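Please have the sequence and model open while reading.

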Amino acid sequence: MAKGFQRDTLRKQQLENFTRELVRRYSAQCELCGARKTKLVVFEVPPVSSDINIEHCILLCETCLQQICYPKQRNIDHWRCLSTAVWSNHLPAQVMAVLLTRYFAKTHDWATNLEDTLYLSPEADQWLADVESFV
């Protein structure tokens with residue numbers, strides 16, 4: 001148990017080291033909902049490998065993070081922001097937005113309509129195929 005805890009703590013510390021670079025790169029805003037002037041955390045977009053890769057990381061506000069981690073607490077109105085996020089130039093943010101859009105498309109017409117308009121790069125399609133079961 002102690003080794004797993006230590007490994008998890010070390011991984012979190014390594015992710016925190018990416019925060020400054022990501023904040024600079026993405027204008028200190030949540031990459032899904034665009035929230036500013038709020039605490040941002042680094043989130044690894046699946047699939048998560050044993051080595052941390054900054055190219056698989058995005059910045060999320062606590063609201064987005066909580067709702068991703070706890071699906072039963074998802075507020076559908078908050079996720080209307082996905083209509084912008086699915087067009088992100090940052091591939092990990094786009095992949096996460098599309099995953100969530102596909103999840104919501106099962107029960108919400110606005111997400112189905114958004115999903116129907118998507119045109120994704122081959123890289124995004126491959127990444128999505130690798131993680132389709134995440135959300």
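The model is predicted: local features need pLDDT of at least 70, side-chain atom pairs count only at pLDDT 80 or more, and totals for chains, interfaces and linings use all residues. Residues are numbered from 1 along each chain as its sequence is written, and side-chain values use heavy atoms, without hydrogens or water.

**Salt bridges**
- The whole structure holds two salt bridges (a side-chain nitrogen of Lys or Arg within 4 Å of a carboxyl oxygen of Asp or Glu).
- Lys 39 pairs with Glu 62, with the closest N and O atoms 3.7 Å apart.
- Glu 62 is partly exposed, at 40% relative accessibility.
- Arg 102 pairs with Glu 115, with the closest N and O atoms 3.5 Å apart.
- This pair links helix α4, which holds Arg 102, to helix α5, which holds Glu 115 (helices are DSSP runs of H or I, at least four residues, numbered from the N terminus).

**Nonpolar core**
- The largest nonpolar core has 44 residues (buried Ala, Val, Leu, Ile, Met, Phe, Trp, Tyr and Cys joined through side-chain atoms within 4.5 Å).
- Its largest share, nine residues, comes from α4.

**Helix α4**
- Of the 15 residues of α4, 12 are buried, so this helix is largely enclosed by the rest of the structure.
- Among the buried residues are Met 96, Leu 100 and Phe 104.

Technical notes
Buried means under 20% relative accessible area, exposed over 50%, partly exposed in between (1.4 Å probe, protein chains only). Helices (H or I, at least four residues) and strands (E, at least two) are DSSP runs, numbered from the N terminus.
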